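Here is a friendly tour of one protein chain. Keep the picture open while you read, and look for each part as it is named.

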Amino acid sequence: MCIRDSCINDDFAGHDKRGRHFPIMDYALSKGVTLRDDSILVQPPPRSWYHAEMAQEFWPKLPVILEHEHYGGSKKRSAWDGKLLLKSVEDYHASFMSIHWWPRILLEENREIIDKINLRMGYRIQPINVTWPETVEIGKSFKVQWTWSNKGVAPCYPGGFPALTLKDAKGGIVSVLSDNKLNLRDLQVGPSANPPMTKHESEFVVGLVAPTTRPGTYDVYISVGERDGTPKIALPLEADDGQRRYRLGTITVDLADNIKAKDADGS
C-alpha cells in the first residue's frame, strides 16, 4: 500500500483473484485510497489482467493507476499486445500509466498505440459547440449555449467551471464570465466513437459592476477552472493565450441607445 500516494496495490486482494469486492480493497476505498494494478500484460491472453472489475468501484471516485509488465519480458512471453494495452485503459478507466522499459524504445516501437492511449487516458474536456450573440448590451443579460463532452475514460476529478473572458485589442481582460452552475466534473464518460454530450445554457452580464466597460468589439476566450473564472484545465484547442484560455471569436458590447440606433437604420 502506498500511503503517501494514497494508492493500494491490487495484489492485496490476490494477484489473480477476480471480483469486484474484497474487504481490504473496500476499506481502502472508504478511506480515499485509490487502486494501482501492478502489473498487466505479464501473461499471454486471456490472462492479461484480473482486476478490471475491481476498478469499477474506484474510477467513478478516484483516478486509477495502471502499470504494465517489463516490455522486453512481456514480448518474450508473447504477452505484449498494443491493442490490449489500449483496452486496459478502457476497461480500467485509467487516469495514469507507469511504464517498465527504456522509454525511448517503448515509444518508438509503440508510438501509434501510445498516441491513441493519450487521447483516451484520464479526462479530456472539450467544448463541442459554443454560441453567443454578436452584440450585447452593457449591463443587460444575454445567453450563451454550449455543448460539452469528456472524451476521456475517466471523470474530471478536480472539477471545473466553464468561463468566457473578454479581452481588448491589447490583450487586457475586460470581463470574466463564469458559470458555477455547471461543474464539468459531472460530465459522463463513454466510448470514444460516441462520447456523451451535455448541452447547457448560461446567462451572463457584461458591465454590471466595476470596472466600467466601454463600448467596443472584444475577443472572446473560453476556459475551464475555478468558480471565479481562473483557468486551471488545459483544453485541446488552438489559439491558447498562454494562460489556458482559448480564443473563439469576437463580441461587440454597446450601450442600449447605440444598439437601438443601429437597429433603426438597419445596420
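## Before we start

A residue is called buried when its relative accessible area is under 20%, exposed when that area is over 50%, and partly exposed in between, using a 1.4 Å probe and protein chains only. The accessible areas themselves come from the Shrake-Rupley method with a 1.4 Å probe, and for residues only the protein chains shown count as cover.

This is a predicted model, so local features need pLDDT of at least 70 and side-chain atom pairs count only at pLDDT 80 or more, while totals for chains, interfaces and linings use all residues. Residues are numbered from 1 along each chain as its sequence is written, and side-chain values use heavy atoms, leaving out hydrogens and water.

## The whole chain

The chain has six helices and twelve strands. Helices (H or I, at least four residues) and strands (E, at least two) are DSSP runs, numbered from the N terminus. With a radius of gyration of 24 Å, well over the 18 Å that the globule rule gives for 267 residues, the chain is more spread out than a compact globule. That radius is taken over C-alpha atoms, and the rule is 2.2 Å times the number of residues to the power 0.38.

Along the principal axes, the C-alpha atoms fill a box of roughly 80 × 40 × 30 Å. Buried residues make up 45% of the 267 residues. The chain exposes about 14,400 Å², and carbon and sulfur atoms supply 51% of that area.

In soluble globular proteins, nonpolar side chains tend to be buried together. A nonpolar core here is a set of buried Ala, Val, Leu, Ile, Met, Phe, Trp, Tyr and Cys residues joined through side-chain atoms within 4.5 Å. The largest core has 36 residues, and those touching the most other members are Met25, Ile40, Leu41, Trp49, Met54, Phe58 and Tyr92. Several elements each supply at least two of its residues, including helix 1 (23–30), strand 2 (34–40) and helix 2 (52–58). Helix 4 gives the largest share, five residues.

Which residues does Phe58 touch, not counting those up to four places away in sequence? They are Met25, Leu29, Val33, Thr34, Leu35 and Val64, where contact means heavy atoms within 4.5 Å. A second, separate core of 27 residues includes Leu164, Leu177, Leu182 and Tyr246.

Five strands form an open sheet with mixed pairing, in the order 6-12-11-8-9. Two strands pair if DSSP finds at least two bridges between them. At the edges are strand 6 (135–137) and strand 9 (173–178), each pairing on one side only.

Strand 6 runs parallel to strand 12 (residues 246–254), and three bridges join them. Look for Val136, which stands opposite Val253 in strand 12.

Most residues other than glycine have a negative phi, and most peptide bonds are trans. Asp38 and Ser39 are joined by a cis peptide bond, with omega about -10°; Ser39 is in strand 2. Another cis bond joins Pro45 and Pro46, with omega about 10°, and Pro46 is in the loop between strand 2 and helix 2.

His93 is not a glycine, yet has a positive phi of about 55°. His93 is buried, at 16% relative accessible area. Trp101 also has a positive phi, about 160°, and lies in the loop between strand 4 and helix 5. Is Trp101 buried or partly exposed? Trp101 counts as partly exposed because its relative accessibility is 36%.
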